[in-house]
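Trainee: I have a new structure open and want to learn how to read it. Can we walk through it together?

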Amino acid sequence: MKILLLSHAFNSLSQRLHIELKRRGHQVSVEFDINDAVTQQAVELFQPDLIVAPFLKRAIPETIWRHHTCLIVHPGIKGDRGPSALDWAILRGEPEWGVTVLQANAEMDAGDIWATVNFPMRAVSKASLYRNEVTEAALQGVLLAVERMGQESFNPEPLDYSRPDVKGCLRPLMSQADRRIDWQQDSTETVLRKIRSADGFPGVRDEILGQEVMLYDAHPAAGLRGEPGSLLGRSGQAICRATLDGAVWIGHLRDKQGPHPFKLPAMRVLGDRVADLPELADGYSDIGYEERGRVGYLHFPFYNGAMSTEQCNRLREAYVQARGRDTRVIVLMGGPDFWSNGIHLNSIEAAESPADESWANINAINDLAREIITTETHLTVSALRGNAGAGGVFLARAADQVWARDGVVLNPHYKDMGNLYGSEYWTYLLPKRVGAERARRITQGRLPMGTDEACELGLLDDHFGQDSGHFLEQLRQRADALAEGGDFDQLLQRKVQARHADELEKPLEAYRQEELERMNLNFYGFDPSYHVARYNFVYKVPKSRTPVTIAEHRDLSRRSNPDWSKAS
Ligand code: COA
């Protein structure tokens with residue numbers, strides 16, 4: 001079937017649908033919803049059998065939905081309507097939520113229902129729900145709808161609020177007034193729900209020491225209490241604020257009026273005014289270590305998977321400490337939503353010299369990668385529960401084994417960031433695993449990759465577990481098996497020998513120097529593409545066209561192929 005994905009952006013959900021629909025043999029092309037004329041043109045060029053809209057901020061034009069089946073992926077249960085579906089579900093504390101695939105018509109979210117898939121809610125941020133439960137339910141819903149397209153006997157269900165299984169309703173756009181925190185009255189649970197309902201976007205508007213800021217990245221601060229609303233202390237870059245019955249950690253803020261109006265670590269945004277806050281032990285921790293038997297698990301749930309210079313340095317220290325332990329296997333856990341997305345583009349954008357900070361950050365992540373690659377005492381595993389992008393993928397590849405949860409999306413390329421060459425020893429790690437030709441295709445392709453393809457190519461060693469819980473369970477068994485296996489010494493010896501042989505052939509440092517020469521040009525050279533792309537990314541400048549890498553219908557080399565218009 002020819003399926004056009006019409007989306008506001010090629011976000012994680014659209015990427016997952018792209019991967020899974022293609023894997024099932026459909027011809028899939030993507031168009032960003034820029035304006036009606038451009039969308040119309042895309043439809044005329046591609047002539048799709050079906051249009052799927054995974055993430056839209058506006059209605060589909062009537063000229064399109066009248067003539068084509070257009071299915072909207074709505075992140076709500078049957079009958080739910082409106083632009084703040086997940087926000088309301090979190091704020092209202094719904095125990096169960098869902099995704100509904102419905103047909104576009106004249107009334108927003110009121111079209112006939114093709115599929116609906118429900119899931120139990122988790123007490124996490126909106127972005128985390130979206131990247132996990134919503135994405136899985138949306139995929140199931142879209143696959144069901146695609147299957148039903150081929151069934152003559154199937155009739156989509158008209159929205160009928162008198163039916164007992166239609167439990168949703170129309171809700172308005174959630175306002176800041178709906179989310180406002182009353183620090184004197186709100187419990188920790190309420191504060192967390194309010195912040196989570198708005199995280200990653202738009203955040204909860206609040207005031208801290210007279211400065212208006214948006215709040216993100218909130219966690220309970222166990223055991224802490226104080227005058228409601230007061231700041232109790234800091235932990236690294238996070239601040240702790242008292243609620244009615246406890247306290248919360250707030251890791252990230254955005255000062256819309258400030259010189260850097262994008263998300264940054266809280267202490268960075270508040271600056272000198274909070275310099276005297278006491279450092280609290282056992283606070284907000286973005287790096288954690290646990291040991292089970294002979295396996296050490298190093299966690300680094302950095303917000304949005306972005307790794308600043310300072311975070312890379314701390315993680316390297318934690319890794320070296322883990323390596324000093326009497327264990328056999330180190331598992332690099334990343335975070336629950338992202339394993340890593342590489343260097344911290346927001347911190348770089350906010351630096352006095354973004355070029356210098358880019359340089360410091362790439363060197364810091366390289367130093368971490370080098371420690372992992374040169375580890376001779378342990379077998380190492382990167383365990384991807386969440387997605388990874390750019391340098392994050394190659395950092396993962398620095399370990400001996402890379403295992404991912406089923407459904408994780410990888411973006412193993414840098415070029416979208418203004419033709420960035422990339423480092424993290426990728427020129428050593430990637431061809432070694434996948435061969436030179438595939439390495440070229442992966443990095444030039446600029447396409448998201450699913451776990452099946454990544455395994456076939458050798459970028460991943462294995463994937464398993466349909467959700468985080470199942471993945472963790474199997475991960476522990478496999479890591480134990482590796483540590484306790486009779487062949488452990490042999491495996492370790494083989495890896496050390498292979499590394500020594502590689503070093504003789506071409507020193508690791510030489511790969512690094514060659515990569516950094518190219519990165520130096522990206523950061524300090526005449527071509528400002530990287531700085532422009534980073535600015536656009538951090539400031540979320542909307543895209544003005546869809547790249548031909550995903551808009552197949554706009555790719556002239558493809559269109560000149562006579563077989564192009566036939567569905568695969
Ligand atoms: N630095 C800072 N923030 C980052 C980041 C990075 N390297 N990578 C992702 N983020 C942030 C995004 O700005 C977004 O922020 P939000 O919470 O305000 O919405 C959030 O993480 C999620 O990213 P998003 O792009 O919405 O997720 P996605 O799943 O749709 O796409 C990627 C994932 C990896 C393709 C995309 O985030 C990306 O291209 N990141 C940049 C990777 C990169 O070039 N790193 C530098 C070179 S190593």
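This is a predicted model: local features need pLDDT of at least 70, side-chain atom pairs count only at pLDDT 80 or more; totals for chains, interfaces and linings use all residues.

Mentor: Start with the domains; their bounds come from an automatic or database domain assignment. Here the chain is given domain 1 (2–149), domain 2 (176–274) and domain 3 (288–467 + 485–523). Residues are numbered from 1 along each chain as its sequence is written.

Trainee: How many residues of domain 1 and domain 3 are in contact?

Mentor: Contact means heavy atoms within 4.5 Å. Eleven residues of domain 1 touch twelve of domain 3 by that rule. The C-alpha centres of these two domains are 32 Å apart.

Trainee: What area do domain 1 and domain 3 bury between them?

Mentor: The size of an interface is often given as the accessible area lost when the parts come together. Buried area is that loss (1.4 Å probe), summed over both parts. Domain 1 and domain 3 bury about 980 Å², with 51% of it on carbon and sulfur atoms. On the domain 1 side, Gln15, Ile19 and Arg131 lose the most area to domain 3, together 44% of what that side buries.

Trainee: How many salt bridges does the rule find across this interface?

Mentor: The rule asks for a side-chain nitrogen of Lys or Arg within 4 Å of a carboxyl oxygen of Asp or Glu. It finds two across the interface of domain 1 and domain 3. Elsewhere in the list of pairs, Glu136 forms a salt bridge with Arg405, with the closest N and O atoms 3.8 Å apart.

Trainee: Is Glu133 buried or exposed?

Mentor: Buried means under 20% relative accessible area, exposed over 50%, and partly exposed in between (1.4 Å probe, protein chains only). Glu133 has a relative accessible area of 16%, so it counts as buried. Glu133 sits in helix α5 (residues 126–149); helices are DSSP runs (H or I, at least four residues) and strands likewise (E, at least two), numbered from the N terminus. Leaving aside neighbours within four places in sequence, Glu133 contacts Phe119, Pro120, Arg122 and Ser128.

Trainee: Where does Ala115 lie?

Mentor: In strand β6 (residues 113–120). Ala115 is buried, at 2% relative accessible area. Beyond neighbours within four places in sequence, Ala115 has contacts including Val99, Gly141 and Leu144.

Trainee: How many disulfides does a search of the whole structure find?

Mentor: A disulfide is a pair of cysteine sulfur atoms within 2.5 Å. The search finds zero. Cys240 is buried at 0%, and Cys312 is buried at 0%.

How values were computed:
Side-chain values use heavy atoms; hydrogens and water are left out. Buried area is the accessible area (1.4 Å probe) that two parts lose on being put together, summed over both.
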